[in-house]
Amino acid sequence: MASTTTTNNNDPSHSQSQQQTQAQQPVTFTTSTPYPLPSQKFMIPLGWRRYQLSQLVNKALALDRGGNYDNAGGGARPVPFDFLVRGEILRGSLAEWCKEKGVGEEETLEIEYIESVMPPQKMFEFPHEDWVSAVSCYIPGLFLTTSYDGHLRAFDYAHNLAFDRAVHSAPVTSLCVVPFPSPSPSSSNMGEGGGEEGETYTIATASHDASAQILRVTLPSPSSSFNLNAKEKATAKGNGNGKAQSLATLYLHTAPIASVSANARGTRLITAGWDGLVGVWAWDGERVARDEVDVPVPVFGGVDGRDRKRRRVGAGAGGAGDGDGERGEGDGDGGMDGGRGKRKAPANVLKSHVGRVSKALFLGLEEGEGSEKAVSCGFDSTVRTWDVEYGLCIATINASEKPFLDLSPLSHAAPSSPLSSVLAVSTDRTMCMYDLRLPSSSSSTSALSSAATATFVHPSTPSCVASSGSGSGSGSGYQAITGAYDGVVRVWDVRSVKGAVASFKVGEEGKGKGRKVLSVDWARGLVGVAGEFGVEVWRVGEDGGVGGRV
């Protein structure tokens with residue numbers, strides 16, 4: 001379609017005569033939102049900013065939430081937009097951007113518009129007695145948490161405590177929901193005596209006790225737990241209102257485990273330890289004994305026989321341990337139903353890090369390849385890519401003096417390799433984006449470019465990061481959130497490094513608790529934030545995209 005040159009005179013902050021004398025820039029608009037403009041060229045005043053551009057798009061398309069745009073403002077709800085100029089979010093005026101980039105007035109700019117980030121809204125909070133180390137929004141209608149008291153808990157949207165069990169005898173550091181947990185609908189009810197309906201999930205946890213647990217957990221369905229009366233809520237608070245069975249205990253590490261993650265198919269798990277090892281575990285819930293081994297309970301730093309015996313007793317009460325004893329008495333609401341699970345050895349051990357490994361996760365299968373890839377980061381200032389099948393480190397990013405604390409994949413990258421970029425946060429108060437794709441001339445083992453494709457500066461150390469993932473929002477795959485030690489959660493668009501697009505503070509001062517953020521998760525427009533203050537839930541977008549309507 002041939003471009004049509006037009007001049008728009010809808011800027012409410014300037015008179016028409018001022019617009020005619022102002023310098024203008026030829027612009028074409030593109031978008032992946034449901035609100036495309038006709039293919040034509042606009043002459044835009046260089047003094048315009050995001051607000052004027054957004055108003056232009058709304059008026060050109062007669063946008064409103066009800067169907068017809070009301071010029072008098074009666075009930076009209078225009079859609080706010082942000083604008084990307086050459087992949088960078090426009091923060092000032094067009095004139096400022098053109099001057100910074102050296103763009104002349106005769107050069108036509110292609111500007112992409114996306115739906116704006118709406119202000120984050122706090123939904124509710126879940127107090128905990130101890131620090132909360134991890135939070136998961138994976139299961140619709142429920143939030144999972146693990147804390148330093150060794151417990152795994154689940155809360156529903158009605159603030160009910162749906163599940164509470166002690167799963168480790170030491171602080172729990174990480175959790176993940178293993179996909180496709182319930183083999184059949186009939187197995188989803190583990191309640192004794194035909195209790196209320198529930199859904200069964202497979203959940204993995206990692207702990208400072210150097211072990212990881214694979215649990216089969218039955219949680220009340222949100223529809224039933226929403227309607228608990230006062231007596232039922234009190235009962236739920238006491239016993240967790242759910243069932244748990246230990247399927248397997250994973251032993252490899254000789255130091256605390258920092259993280260545990262599962263692949264998308266639920267066939268493998270990966271653990272990252274402070275001992276510098278990365279463990280890969282084959283998982284099939286129907287054949288849990290195929291890697292069963294007789295491994296002694298790890299002994300740390302000269303622990304004597306009495307401490308080891310005490311560790312076994314504590315494990316019998318609902319945590320990690322050798323599993324050769326009966327459940328301890330007086331375990332209250334802790335402990336596993338049906339005794340301890342199998343003891344599994346790793347299918348592979350990945351050795352290359354020379355310091356603590358902070359996080360490890362799967363990247364998935366690349367198109368045309370049968371070998372699964374994984375990525376890890378650690379205190380040795382490296383991000384390493386692994387061939388899981390052969391246990392080889394195939395690429396290393398060496399960053400100078402950047403002990404990494406956490407990393408998260410980005411889903412926006414090349415369609416054939418959707419997890420080829422990662423975000424990593426480090427103690428130098430930055431979040432960096434790295435491209436994991438090997439150059440075409442690389443050998444089987446290669447050092448990737450140590451230079452980050454983008455760097456996002458924080459005023460305080462960011463401890464955790466989570467990306468928005470795939471969703472219906474137009475900006476899905478380009479947004480991420482970070483939690484920092486200053487108690488602030490920041491929302492970022494990786495296409496703009498100048499600053500966070502939104503932020504909010506968590507925790508309340510004066511309550512005798514710290515405000516450090518230790519974990520964040522983001523799913524379906526809900527952000528779970530965990531730390532010294534407990535857990536808070538915020539709404540950031542909808543249906544997984546920060547650009548979604550709120």
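**View A. I44 is in contact with A23, Q24, Q25, V27, L53, L56 and L94, its neighbours within four places in sequence being left aside.** Contact is used here and in the other legends for heavy atoms within 4.5 Å. The model is a predicted one, in which local features need pLDDT of at least 70 and side-chain atom pairs count only at pLDDT 80 or more, while totals for chains, interfaces and linings use all residues. Residues are numbered from 1 along each chain as its sequence is written, and side-chain values use heavy atoms, with hydrogens and water left out.

**View B. The largest nonpolar core comprises 23 residues.** F29, I44, F83, L109 and I111 have the most contacts inside this core. At least two of its residues come from each of β2 (24-30), β3 (41-45), α2 (50-61), β4 (81-85), α3 (94-101) and β6 (109-115). Another core, of 18 residues, lies apart from it and includes L152, V177, Y201 and A244. A nonpolar core is a set of buried Ala, Val, Leu, Ile, Met, Phe, Trp, Tyr and Cys residues joined through side-chain atoms within 4.5 Å. Buried stands for a relative accessible area under 20%, exposed for over 50% and partly exposed for values in between, with a 1.4 Å probe and protein chains only. In soluble globular proteins, nonpolar side chains tend to be buried together.

**View C. The protein chain has six helices and 36 strands.** Helices (H or I, at least four residues) and strands (E, at least two) are DSSP runs, numbered from the N terminus. Of the 550 residues in the protein chain, 53% count as buried. Where contacts in the protein chain join residues at least 6 apart in sequence, 59% are between residues at least 24 apart.

**View D. T145 lies in strand β9 (residues 142-147).** T145 is buried, at a relative accessible area of 1%. Residues up to four places away in sequence not being counted, T145 touches H128, V132, A134, V135, H151, L152, R153, F155, L175 and V535. The side chains of T145 and H128 are joined by a polar contact of 3.1 Å. A polar contact is a pair of N or O atoms within 3.5 Å; within protein, one atom must be able to donate a hydrogen and the other to accept it, and residues adjacent in sequence count only if both atoms are side-chain atoms.

**View E. G528 is part of strand β35 (residues 526-531).** The relative accessible area of G528 is 0%, and the residue is buried. G528 is in contact with V135, C137, S519, V520, D521 and E536, neighbours within four places in sequence being left aside. From G528 to T145 the C-alpha separation is 9.5 Å, although the two are 383 residues apart along the chain.

**View F. A206 belongs to strand β13 (residues 198-207).** A206 is buried, with a relative accessible area of 0%. Neighbours within four places in sequence aside, the contacts of A206 are H168, V172, T173, S174, S211, A212, I257, S259 and V260. The C-alpha atoms of A206 and S261 are separated by 9.6 Å, the residues being 55 apart along the chain.

**View G. A210 and S381 are two loop residues with positive phi.** A210 sits in the loop between β13 and β14 (211-220), and its phi is near 70 degrees, a positive value in a residue other than glycine. A210 is buried, with a relative accessible area of 0%. S381 occupies the loop between β22 (372-378) and β23 (382-387). Phi of S381 is near 65 degrees, again a positive value in a residue other than glycine. S381 is buried, at 8% relative accessible area.

**View H. The side chain of D156 reaches the backbone nitrogen of N160 at 2.9 Å.** D156 is in strand β10 (residues 151-156). D156 is buried, with a relative accessible area of 0%.

**View I. D82, I89, I114, V117, Q479, D493 and V501 line the second largest cavity.** The volume of this second largest cavity is about 30 Å³, and the structure holds two cavities of 30 Å³ or more. Its lining has four nonpolar, one polar and two charged residues. Ala, Val, Leu, Ile, Met, Phe, Trp, Tyr, Cys and Pro count as nonpolar, Asp, Glu, Lys and Arg as charged, and the others, Gly among them, as polar. On a 1 Å grid over the protein atoms alone, a cavity is a set of points where a 1.4 Å probe fits but cannot get out, and lining residues have an atom within 4 Å of a point. Grid points are joined across faces, edges and corners, and a volume is the space filled by probe spheres set on the points.

Key. 1 Å grid on protein atoms, 1.4 Å probe; cavity = no way out; pocket = protein on both sides within 12 Å on 5 of 7 lines; lining within 4 Å.
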